[in-house]
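Here is a friendly tour of one model, for reading beside the sequence and the 3D view. Have both open as you go.

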Amino acid sequence: MSKKIIIVGGGISGLSTAYFIQEQLTSLGNQADCYLIEGRERLGGVILTEKVDGFVIEGGPDSFLSTKPWALELCQKLDLTDHLIGTCEDQRKTYVFSRGRLEELPEGLSFMIPTQIRPFLRSGLISLPGKLRMGLDLLLPRKVGREDESIGAFVRRRLGQEVLERMAEPLLGGIYAGQVDQMSLQATFPNFQTLEQEYRSLIWGMLCKRREIQRSLKEKNSSKWTLFVTLRGGLTELVQTLTARLNRVSFIKGKPVVRIRPSSDSSSPRPVYHLTVADGETFQADVIVLATPAYIAADFVENFNPSLAAVLREIPYTSTVTISLGYKKSDFAHLPHGFGFVVPRVENRRIIASTWTSNKYPHRAPDDKILLRCYMGGANQEDLVSLEDRALIQIVREELKEIVGITQEPVLTRVYRWEKVMPQYLVGHLDRLTALERLLSHHPGLFLTGNAYRGPGIPDCIHSGALTAEKVLKYLQLSSGPQT
Ligand SMILES: Cc1cc2nc3c(=O)[nH]c(=O)nc-3n(C[C@H](O)[C@H](O)[C@H](O)COP(=O)(O)OP(=O)(O)OC[C@H]3O[C@@H](n4cnc5c(N)ncnc54)[C@H](O)[C@@H]3O)c2cc1C
C-alpha cells in the first residue's frame, strides 16, 4: 500500500518541503501520497504581496539574501530566474537615526566590525570615546571556553556599549526583532565566536581576513546578483509558482489542524499518525511534517510527549507590524535618498526601521509615486502591534515627520500585522535543538521544519525544507541519495 505523508503548514517551509518530496517521489515513480494541510485559505504564511494602483506592496518579507544560495536555486528550478530583480545600487546607502540625525553607516562594515578603518574613523555614528573603546578590542584577551552567550554580552565585551546600541542592536532589530541581551550568539552569528577564538581580536581578525573578504566582495560584485534580491511581481510570485508546480501534492486549505495522535500495533515498529482538523475531519498518515510555528507544534504533541512540547515552547515568538505609505513624487521638493534607515532603541522612537522601497527595488511604485515602509513592534515594543490601523499610521507619519521631515499626505496606506511569527533564538538555542532531536527520536515518522530552528530567512527555510524532505524519504526508505 502506498505511504501517506502529511505536511502541516503552507508557509515557505511547508511548501518547499513538499516541493523536494515531490521532486524525489517523481524520480522514484511515486511510491507515496503527499498532502499539505494549511489552516488558512491562503498559502505562503508571512509571504504576502499586494498589488494596488500600480504599487507592489510586500506585507511581510520583501527580499532574500543571494549569499545563501537555496532561494536562488529554487527560483532557478521554478524557471523564475528571469523574474528576479536586484536592488538599485545607485541608492545603496543605509542610515542610522542617531542623536537626532540620520548618519550614514560607514562603508566596509562587516555587520558591525570595520574591515576598512578610514571610513569608520571619519563616521559620526560612533563618538570618539566609543571609537577608542572599540579599539580596546585589539588588546582584550579572548574569552575562555566555547559556551554560548548573548549577542549583547559579546558585543559589549569586545566592542563596547556604544557599538552595541548604535550599530549592532538596530541592525539586528530589523532581522530578528529580538532583544540582544537574550539572543544566542552561536545560533545567529557563530562566525563571530570563531573569529574571536582564532584571532582573539575581532577587528584584527577582520583586517587579517580583509583580502579574503575583498575577494569575496569582488566575486559578489562580478556575480549577477546584488546582496538582496526579490521577484519583479513580489515574493508571492515564488509562492504561486511553487504551488502551481506541486501538481502531485493534494492541498487541503482553510482547515487548521487541532490534534495529532500516534498509534502503533505489534505488527509494525512504525506508528501511524491520526490527525484531526477543526471541523472534525480526520486523516491518517505514516509521516507528519510539522511546518507551523514551534508553539503550535507544541500544542499538537502535548498529549503524547509533554517534554517535547515544553522544549518547543521554549522558543518564544515576537510580533511585528509593517506599514507601507505611498506618496506623489511631485509633492516632494527633495526626494529621500538611499535604502532607508534603522533606529537604535536608545533613541526612544516608536519605529524600528524604514525602508525606502521604491529607491531600493525597481517596479515597486508607478513612475510618479514613491513607496516607503516602516517597521514597528518587535520584542521591545510588542504592545504597539495591537493598536488600530489609524493609530499606527498616525504614529508612523509623526515619526517620519520628525526623523526625515516628511509632512506630505500619503496617497496610499497599508498595515500588515504579524502576531507571534518571528521566532527568537535565545542563548542555548543549539542545545534546545539537540534536545528536540533526542525527543523526536521517540516518534519515528514525525518531523519538524520551519523558521523556528535553523535560520529564519527565506533561504534558510527552503534549505531546511530540502533537508527535511531528505529525512522523510530516508525514513520511508525511498531516497535516491542526498539532495541540494
Ligand atoms: C515582517 C517580516 C519581514 C520579514 N522579512 C524577511 C526578508 O526580507 N527576508 C527574509 O529572508 N526573511 C524575512 N522574514 C522571515 C521569513 O519571511 C520567515 O521566517 C519565513 O517566511 C517563515 O516561513 P515558515 O513557513 O517557516 O512560517 P510561516 O510563514 O509562519 O508559515 C507557517 C504556516 O503554518 C500555518 N499554520 C499555523 N497553524 C496551523 C494549523 N494549526 N494547521 C495548519 N496550518 C497552520 C500558518 O497559517 C502558516 O501558513 C520576515 C518575516 C516577517 C514577519
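A crossing is called left-handed if the near helix is turned anticlockwise from the far one by less than a right angle, and right-handed if clockwise. You are looking at a predicted model, where local features need pLDDT of at least 70, side-chain atom pairs count only at pLDDT 80 or more, and totals for chains, interfaces and linings use all residues. Residues are numbered from 1 along each chain as its sequence is written.

**Helices α1 and α17**

- The crossing of α1 and α17 is right-handed (helices are DSSP runs of H or I with at least four residues, strands are runs of E with at least two, and both are numbered from the N terminus).
- Helix α1 spans residues 12–27 and helix α17 residues 458–475; they pack at about 40°, with axes 8 Å apart (axes are lines fitted to C-alpha atoms, for helices over the stretch in contact, and angles run from 0 to 180 degrees between N-to-C directions).
- The two helices are therefore oblique to each other (under 35 degrees counts as roughly parallel, over 145 as roughly antiparallel, 65 to 115 as roughly perpendicular, and the rest as oblique).
- Among the contact residues are Phe 20 and Gln 24 of α1, and Gly 465 and Val 472 of α17 (contact puts C-beta atoms, placed from the backbone, within 7 Å).
- This contact of α1 with α17 has 10 nonpolar, 7 polar and no charged residues (Ala, Val, Leu, Ile, Met, Phe, Trp, Tyr, Cys and Pro count as nonpolar, Asp, Glu, Lys and Arg as charged, and the others, Gly among them, as polar).

**Helices α12 and α13**

- Helix α12 (294–301) and helix α13 (306–313) pack at about 170°, with their axes 8 Å apart.
- α12 and α13 are therefore roughly antiparallel.
- On the α12 side, Tyr 295 and Val 301 are included in the contact; on the α13 side, Leu 308 and Arg 313 are included.
- Their contact residues divide into 8 nonpolar, no polar and 1 charged.

**Around the ligand**

- The ligand is surrounded by 36 residues, the closest being Gly 9, Gly 11, Gly 39, Gly 45 and Pro 61 (a residue is near if its C-beta atom, placed from the backbone, lies within 6 Å).
- Elements giving two or more residues to this shell include α1, α17 and β2 (32–38).
- The shell has 18 nonpolar, 15 polar and 3 charged residues.

**Domains**

- The chain is assigned domain 1 (3–41 + 241–315 + 425–475), domain 2 (108–218) and domain 3 (320–419) (bounds come from an automatic or database domain assignment).
- Domains 1 and 3 both give residues to the ligand shell, so the ligand lies between them.
- The C-alpha centres of domain 1 and domain 2 are 37 Å apart.

How values were computed. Two residues are in contact if their C-beta atoms, placed from the backbone, lie within 7 Å.
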